[in-house]
Amino acid sequence: MTETQNNVRTRIAPSPTGEPHIGNLYVALVNWALARQTGGQFLVRIEDTDRTRFVEGAEQMFLDALAWLGLDHDEGPDVGGPVGPYRQSERLAIYEGEVARLLSTGHAYRCFCTPERLAEVRKSRQKAGGETGYDRLCRGLAPGEVERKLAAGEPSTVRLAVPLEGETRFEDGVRGPITVRNETIDDQVLLKSDGYPTYHLANVVDDHAMRITHVVRAEEWIISTPKHILLYEALGWTPPQFFHLPLIRNPDRSKLSKRKNPTNVLWYREQGYLPEAVTNFLGLLGHSMPDGREVFSRDEFLAEFSLARVTTTGPVFDTEKFEWLNGEWIRRLPLEDLAARLKAEGFVPPATLEKFAGEKFLAIVRLMQERLRRLNEFADATAFFAERLPYAPADLVPAKKGEPLKTPAETLSALERLRSAFAEAPASAAGPPAARSRKADEADGPAWEAKALEELVRALAGDLGWKPADLFMSLRVAITCRKVSTPLFETMEILGREECLARMDEAITKGATLI
């Protein structure tokens with residue numbers, strides 16, 4: 001393995017056939033890390049020769065996903081480079097030239113078999129229990145017959161003439177030596193009847209032309225690698241080094257698919273996952289840090305990355321761990337950074353931004369930072385700040401396991417006492433004498449602060465003969481319209497005296513309907 005050489009060139013080659021799959025970004029991360037760690041280059045190549053599956057905009061979505069995760073590339077369709085173009089649909093003349101060379105040297109041949117005949121061959125060979133590949137009918141066509149068919153306009157493909165004997169061997173940097181008998185390798189199609197190359201031809205020609213030194217891809221391509229080795233040999237080129245990463249699995253060990261888990265990387269962005277958490281999670285898939293840590297930055301992953309620590313066991317896509325990691329990264333963000341991301345990603349209701357700006361908004365974010373698992377939870381969890389939400393009058397009555405702890409009358413009386421106490425907000429609840437005297441003289445009146453409010457409510461609970469926790473239940477619903485919310489008294493401080501008094505009035509009105 002030559003991870004330390006400074007001319008390492010790696011690539012990620014997505015097909016623009018849909019949303020950017022998280023498995024592709026996992027492979028991209030490894031290719032990016034290998035190139036960056038060795039001072040090499042990381043390329044993006046778009047493999048868009050399958051026009052039947054082409055999806056408009058898919059290329060840009062993949063580039064957006066790379067940019068979001070900070071996986072910068074040195075060459076590609078958007079940034080150019082010395083070995084472009086970087087879209088295979090723009091390289092057709094290159095493939096045609098190599099196919100002509102293979103035909104002239106006898107390493108490839110024209111195949112005129114119809115799709116119907118190929119299907120019948122596959123069916124009959126499968127029924128007989130043999131290999132299901134092509135039966136090589138056209139491999140023995142005389143040159144004159146080939147010319148006649150071409151002149152008659154018969155559609156044809158071009159196939160590689162795989163050696164009928166011997167073995168093909170290659171060294172997999174993750175799995176060690178792999179040997180395949182040539183008789184089991186199909187005469188793969190290189191050029192389709194529409195003039196477009198197959199994956200096999202375009203992949204090999206482009207990796208050679210783009211001077212790719214390390215082909216790092218998913219293990220599902222192991223079966224194709226012997227075909228690629230034979231194609232390199234037929235073209236007289238030296239193959240790159242191959243590394244096949246384990247496939248990401250669902251918890252039931254099936255291949256990761258959107259039927260069981262969301263696989264679109266940008267979906268996770270829409271759900272409020274941080275790019276730091278996504279790269280962290282991807283870095284844990286099939287790779288381990290030397291000290292066993294699970295939370296690490298992209299740069300920390302880069303510093304410790306080694307292909308030698310890539311496992312062959314398919315990593316499980318653990319959604320619970322993913323969400324846990326995201327929460328850890330949310331808590332690592334500086335408060336101002338978290339606030340900015342919530343706004344930029346559209347996770348803050350406009351009404352909240354209108355009513356709470358500057359330090360007040362930061363105060364709300366501070367209350368939520370320890371509670372968020374995803375950024376998209378912010379809007380719903382803080383909606384009550386901007387507007388009074390509907391709730392049932394019965395919710396005001398404190399209860400445990402569905403059983404009321406107080407009567408409606410006792411609850412209404414307690415709410416009325418709380419409202420009166422908040423209206424007076426005596427300075428004695430605000431702290432030591434010096435502080436009380438100073439704050440009482442301020443224009444805004446006695447301090448409306450979390451600590452003072454909690455002391456006030458606790459004292460009142462004692463006067464009423466209530467447990468503080470029970471009184472907190474009723475007060476929480478009155479103020480936040482919810483049974484579960486951000487810390488109660490810090491919330492009241494942010495809402496302010498007048499808004500809290502108005503909410504207490506509304507709660508008293510609701511409570512009266514229970515009597």
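The model is predicted. Its largest pocket has a volume of about 1200 Å³, while the second largest pocket has a volume of about 350 Å³. The two residues are lysine 406, which is buried yet has no salt bridge, and histidine 228, which has its place in helix α7.

**The largest pocket**

- A total of 41 residues line the largest pocket, and those that lie nearest its centre are Ser15, Thr17, His21, Asn24 and Glu220.
- Among the contributors to the lining of the largest pocket, α1 gives the most, with four residues.
- Sorted by class, the lining of the largest pocket consists of 18 nonpolar, twelve polar and eleven charged residues.

**The second largest pocket**

- The second largest pocket is lined by 17 residues, and Glu131, Thr184, Ile185, Asp186 and Lys227 are the ones that lie nearest its centre.
- Two or more residues of the lining of the second largest pocket are given by β6 (176-181) and by α7 (225-235), which are the elements that reach this number.
- In terms of class, the lining of the second largest pocket has seven nonpolar and three polar residues, together with seven charged residues.

**Histidine 228, in helix α7**

- Histidine 228 is located in helix α7, and because its relative accessibility is 0%, this residue counts as buried.
- Although histidine 228 and valine 204 are 24 residues apart along the chain, their C-alpha atoms are separated by 6.4 Å.
- Leaving aside residues up to four places away in sequence, histidine 228 touches Val204 as well as Tyr199, His200, Asn203 and Arg217.

**Lysine 406, in a loop**

- Lysine 406 is found in the loop that runs between β11 (403-404) and α16 (408-424).
- Lysine 406 is buried but has no salt bridge, and the nearest side chain of opposite charge, that of glutamate 410, is 5.1 Å away, whereas a salt bridge requires a side-chain nitrogen of Lys or Arg within 4 Å of a carboxyl oxygen of Asp or Glu.
- When residues up to four places away in sequence are not counted, lysine 406 touches Val397, Pro398 and Thr411, and also Gly465 and Trp466.

Terms used. Residues are numbered from 1 along each chain as its sequence is written. This is a predicted model: local features need pLDDT of at least 70, side-chain atom pairs count only at pLDDT 80 or more; totals for chains, interfaces and linings use all residues. Side-chain values use heavy atoms; hydrogens and water are left out. On a 1 Å grid over the protein atoms alone, a cavity is a set of points where a 1.4 Å probe fits but cannot get out, and a pocket is an open set with protein on both sides within 12 Å along at least five of seven lines; lining residues have an atom within 4 Å of a point. Grid points are joined across faces, edges and corners, and a volume is the space filled by probe spheres set on the points. Ala, Val, Leu, Ile, Met, Phe, Trp, Tyr, Cys and Pro count as nonpolar, Asp, Glu, Lys and Arg as charged, and the others, Gly among them, as polar. Buried means under 20% relative accessible area, exposed over 50%, partly exposed in between (1.4 Å probe, protein chains only). Lys and Arg count as positive and Asp and Glu as negative; His and the chain ends are not counted. Contact means heavy atoms within 4.5 Å.
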